[in-house]
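Work through the exercises below with the sequence and the 3D structure at hand. Try each task before reading its solution.

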2 protein chains.
Amino acid sequence: MAGGSGTRFWPASRRHHPKQFLALGGARSLLRQTAERVVGSVVDWDHLVVVTGAAHAAHAQKELPELPTANLLVEPVGRNTAPCIGYASWLLAKRDPAARLAVLPADHFISDVSAFREHLEAALEAATSRLVLLGLVPSRPETGYGYIQTGAPAASARGMQIREVKRFVEKPNRETAEGYLHEGSYLWNGGMFVFPVAVMEQEIRTHLPALASGLDTLMEDASALERIYPTLPSVSIDYGVMEKAAGVTVLPASFPWSDVGSWDAALEIDAPDARGNVEKGDALLIGSERSFVDARSGRFVALVGVRDLIVVDSPDALLVVQRGHSQDVKKVVEALEKSQREELL
Amino acid sequence: MAGGSGTRFWPASRRHHPKQFLALGGARSLLRQTAERVVGSVVDWDHLVVVTGAAHAAHAQKELPELPTANLLVEPVGRNTAPCIGYASWLLAKRDPAARLAVLPADHFISDVSAFREHLEAALEAATSRLVLLGLVPSRPETGYGYIQTGAPAASARGMQIREVKRFVEKPNRETAEGYLHEGSYLWNGGMFVFPVAVMEQEIRTHLPALASGLDTLMEDASALERIYPTLPSVSIDYGVMEKAAGVTVLPASFPWSDVGSWDAALEIDAPDARGNVEKGDALLIGSERSFVDARSGRFVALVGVRDLIVVDSPDALLVVQRGHSQDVKKVVEALEKSQREELL
């Protein structure tokens with residue numbers, strides 16, 4: 001899933017250049033990193049399918065030149081995750097009715113690739129006839145993620161235990177998140193899951209019949225995409241399917257994971273130097289600590305005597321944000337929208 | 001005096017664009033502000049003389065299009081202030097042997113122009129046969145300026161008392177500066193002074209005979225400038241003349257004055273908004289306080305959640321410095337010199 005057009009990484013991310021195309025936590029884009037986590041080990045390029053928006057299709061193809069053109073699914077408009085995943089499931093069912101599909105967001109960061117692969121392989125092995133989520137074992141009382149409460153053991157694969165999903169819970173407040181962390185049966189919902197396409201098809205037919213009907217029409221006439229897709233119900237896979245489906249399971253996964261939700265999060269996934277600084281591009285830090293500078297737009301950036309600062313340069317705009325305040329970057333984008341400064345969005 | 005090529009205002013100031021050409025504390029350059037403080041009131045354009053370096057002559061002429069070409073004195077090389085002031089004195093003595101000359105650095109900031117003019121007029125009135133400095137009444141134990149210790153009353157003009165200069169003292173340490181402030185007889189040496197050109201000529205003949213001799217040669221043959229000027233003794237007017245001359249006097253002046261020695265000082269001369277911020281150009285400050293942003297190079301600059309920060313954008317380089325650390329900006333320039341990044345100097 002390489003849709004989305006987040007504003008939290010402005011000015012590096014823009015409408016035409018969303019987060020999945022940013023090189024965060026490495027030299028390559030998050031999209032490329034996501035592909036390389038699975039291609040060559042779990043699957044080959046013929047079995048990687050990328051779903052993205054019309055505005056980003058050319059960019060995605062450029063990032064992934066090895067991807068067969070037929071495996072790049074282009075949404076004419078974004079309709080949330082259920083149509084996206086449904087569309088891929090319907091198409092793959094046509095290619096191979098026994099196919100299993102792993103849904104992976106293209107804008108997350110995972111440092112321990114082999115641990116990730118082991119868990120993904122286990123989930124694929126267990127997903128013969130059910131939905132299997134990858135749930136992240138929480139390391140802190142995070143209030144920015146949804147949680148999955150686990151229930152009884154359901155299966156095991158590659159020595160790992162898969163459990164029933166008791167319930168999905170929305171982003172908690174701090175106190176609740178601390179309770180979840182202490183209680184031990186709650187996992188972060190990272191939006192990664194695995195299923196046989198036939199199972200997903202059945203679940204969508206049951207819980208989202210309008211979506212199923214639209215996708216059926218699409219399969220009969222691919223040229224109807226532009227007409228049909230915008231009419232599909234705009235609903236998330238969590239709300240539309242996962243929370244209602246029977247027998248959903250989850251594999252607790254302990255590899256480090258980040259949805260890289262802000263510049264603060266981006267700073268945390270990079271390896272800092274001895275003074276806690278992360279420098280990218282043509283930067284010079286003097287007497288500065290715990291700071292992040294992205295000067296890859298080509299200009300020289302000098303930081304003097306600063307602490308806990310995030311500086312992101314771009315050809316036409318510059319952001320300077322104190323660590324811990326990067327949630328407010330969206331206020332900059334809102335102000336630019338309000339003043340109709342399209343060139344900066 | 002519009003020489004000098006300071007590095008403390010990098011990246012706004014560069015070798016080809018030193019501090020006197022920066023618009024600090026107003027919409028116009030410090031050079032233009034300096035000219036406008038006296039032209040039209042104290043003198044007319046015919047009686048303003050600007051001394052600058054060869055590299056900056058065209059720029060100075062552009063800043064001051066009203067200045068007669070004959071009043072722009074161009075030093076082939078900088079030789080400190082004694083040759084600069086001597087050169088002007090010799091030339092003006094040829095025009096009018098009875099002329100009085102006021103020496104004013106072109107890179108200082110004075111907000112109260114009428115108070116400045118009153119003091120300057122008084123000093124000119126008193127300078128019939130002696131050197132009269134303008135000494136600033138200190139408002140804090142500043143360690144960045146030289147001081148002048150005053151002695152007995154020497155004269156009065158326009159209701160203001162002029163005193164003898166007891167001694168000049170170098171930049172003091174903190175404790176000494178506090179002593180000066182408490183003691184009450186010490187003034188800041190702001191490098192502004194007034195004298196009859198005949199008096200300066202005599203003092204230079206007495207204390208800097210080699211300079212006098214070189215200037216005599218120059219007056220006989222203006223075409224010798226390129227050859228003679230580089231051979232003049234490189235010495236400051238303070239060390240070469242002021243500290244040795246007899247009967248030097250000082251007019252204590254109480255108008256606010258700043259030599260704008262750093263970005264920290266620049267921030268202090270601008271009027272901040274209610275949150276203590278100063279914004280120039282295309283800037284947006286969100287949740288930010290006591291910060292200064294100069295975005296006049298044309299790019300959009302957003303500050304989020306920052307405190308006490310100075311951000312200066314330029315087309316090819318960006319500076320972010322914590323307030324109180326702007327003395328270290330010179331370290332950036334030194335690093336650029338060391339790595340021979342001429343394009344950024």
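**Exercise 1: The contact between the chains**

In this predicted model, the contact takes 28 residues from chain A and 28 residues from chain B. Find which elements of chain A each supply at least two residues of the side that touches chain B, and sort that side by class.

Solution. 
- Step 1. The elements of chain A that each supply at least two residues are strands E12 (283–286), E14 (300–304), E15 (309–313) and E16 (317–322), together with helix H11 (329–338).
- Step 2. Among these, E16(A) gives the most, with six residues.
- Step 3. Sorted by class, the side of chain A that touches chain B holds 19 nonpolar, four polar and five charged residues.
- Step 4. Strands also pair across the contact: E14(A) and strand E14 (residues 317–322) of chain B run in the parallel sense over five bridges. In this pairing Phe300(A) is opposite Ala317(B) in E14(B).

**Exercise 2: The symmetry of the copies**

Work out what rotation superposes chain A on chain B, and which residue of chain A comes closest to the rotation axis.

Solution. 
- Step 1. Two copies of a chain are related by a rotation about an axis and a shift along it.
- Step 2. Here the rotation is 180° and the shift along the axis is 0.1 Å, with an RMSD of 0.1 Å. The two copies are therefore related as by a two-fold rotation axis.
- Step 3. Val320(A) comes closest to the axis of the residues of chain A, its C-alpha being at 4.3 Å.
- Step 4. Of the interface residues of chain A, 100% are also interface residues in chain B, so the copies meet through the same surface.

**Exercise 3: Elements within chain B**

Describe how strands E1 (residues 50–53) and E2 (residues 72–75) of chain B pair, then state what the buried residues of H6(B) pack against.

Solution. 
- Step 1. E1(B) and E2(B) pair in the parallel sense over four bridges, and Val51(B) is opposite Leu73(B) in E2(B).
- Step 2. With helix H2 (residues 57–63) of chain B, the strands E1(B) and E2(B) make a right-handed β-α-β unit.
- Step 3. The buried residues of helix H6 (residues 197–207) of chain B include Val197(B), Met200(B) and Ile204(B).
- Step 4. The buried residues of H6(B) pack against these elements of chain B: helices H3 (81–95), H7 (209–220) and H9 (237–242), and strands E3 (100–103) and E7 (186–196).

Key
Residues numbered from 1 in each chain as written. Chains lettered and ligands numbered in written order. Predicted model: local features only at pLDDT ≥ 70, side-chain atom pairs only at ≥ 80, totals over all residues. Contact = placed C-beta atoms within 7 Å. Nonpolar A, V, L, I, M, F, W, Y, C, P; charged D, E, K, R; others polar. Pairing = 2+ DSSP bridges. Least-squares fit on C-alpha atoms with pLDDT ≥ 70 in both. Right-handed = clockwise from strand over helix to strand, strands pointing away. Buried ≥ 20, exposed ≤ 12 C-beta atoms within 10 Å, placed from the backbone.
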